[in-house]
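This report goes through a few local features of one structure. Please look at the sequence and the model first.

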Amino acid sequence: MNFFFVFNGKSLKNVSLILIAAFFTAWFLYLENLVQIPVFSTKDSTNAIYRGEKDLALTFNIGWGDEKAEPILDVLKKENVKSATFFLAGSWAERHPDIVSRIVKDGYEIGVLGYDYVDYFDVEDAKIAKDISKAQEVFTKLNVKNIKLLRAPTGHFDERTLKIAKRYGYTVVHWKIDSKDWQNPGVEKIVENVSRAGDGDIVLLHASDSAKQTAKALPLILADIRQKGLKLVSISEMIANGEVHSKEIN
């Protein structure tokens, strides 16, 4: 006996659309989860750090100005914060060796923010290498030793940047939580943005003169972190305390 299955064309089309939508939804969720996997540079791969396994890392970018960095250092000292990472542009460090010296003296970690404010995504390899090299020379002259971390000046980078940074001995560090303090949206908004941070996250803050509200927001941010019971660590401490993953993010 033969059996025949009759399908309604409209119903078949609807089912197909549902299946396609389900596939793309599942794929989107997969990719969203993938980029949140802790990623560390290893000897066998070229990766960037976005977050860690545990604890919380506050990072401060400084590219220009001489008014906001020290008030932020004053707040950190008053709040008894022992661990933080400052990414400094070489051109800024060159002009402010006294503040660089204080950051080191206060026990905070220093990473490289290139030399000039160059968008690594838009320039050729030689320009990226030259910018990193110039910054490296500055920190050598300032006697700041054992710098292993680099952040792209504008936050934009690709596989080329990762490979060039590795050639110079640096691991590229991005962030998971953006405070958007450089937009000066108001103290409450900055605190709200950082309040999303949890275990393993890297937070982006600024200590350049463009970030006019960060120093006022910082005590409230620190109060929230303490209330959550999160431990503050430097990026290097976060790397040392976490598992190494081989997932690559391009």
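## A residue in a loop

R151 lies in the loop that connects strand 5 (149-150) to helix 6. Helices (H or I, at least four residues) and strands (E, at least two) are DSSP runs, numbered from the N terminus. This is a predicted model, in which local features need pLDDT of at least 70, side-chain atom pairs count only at pLDDT 80 or more, and totals for chains, interfaces and linings use all residues. Residues are numbered from 1 along each chain as its sequence is written, and side-chain values use heavy atoms, with hydrogens and water left out.

R151 has a relative accessible area of 0%, so it is buried (under 20% relative accessible area; exposed is over 50%, partly exposed in between, with a 1.4 Å probe and protein chains only). Leaving aside residues up to four places away in sequence, R151 touches residues including T59, N61, F87, W175 and L204; contact means heavy atoms within 4.5 Å. The side chains of R151 and T59 are joined by a polar contact of 3.0 Å, and the R151 side chain also reaches the backbone oxygen of V173 at 3.2 Å. A polar contact is a pair of N or O atoms within 3.5 Å; within protein, one must be able to donate a hydrogen and the other to accept it, and residues adjacent in sequence count only if both atoms are side-chain atoms.

## Helix 6

At the start of helix 6, a side-chain oxygen of D158 comes to within 3.1 Å of the backbone nitrogen of R160. Within helix 6 (residues 159-167), T161, L162, I164 and A165 are buried. Their cover includes strand 1 (48-49), helix 5 (125-141) and strand 6 (171-173). After helix 6 comes G169, with a positive phi near 90 degrees.

## Helix 5 against helix 6

Helix 5 and helix 6 pack at an angle of about 40 degrees, and their axes are 10 Å apart. Axes are lines fitted to C-alpha atoms, for helices over the stretch in contact, and angles run from 0 to 180 degrees between N-to-C directions. The angle makes helix 5 oblique to helix 6 (under 35 degrees counts as roughly parallel, over 145 as roughly antiparallel, 65 to 115 as roughly perpendicular and the rest as oblique).

On helix 5, D125, I128, A129 and I132 meet R160, T161, I164, A165 and R167 of helix 6.
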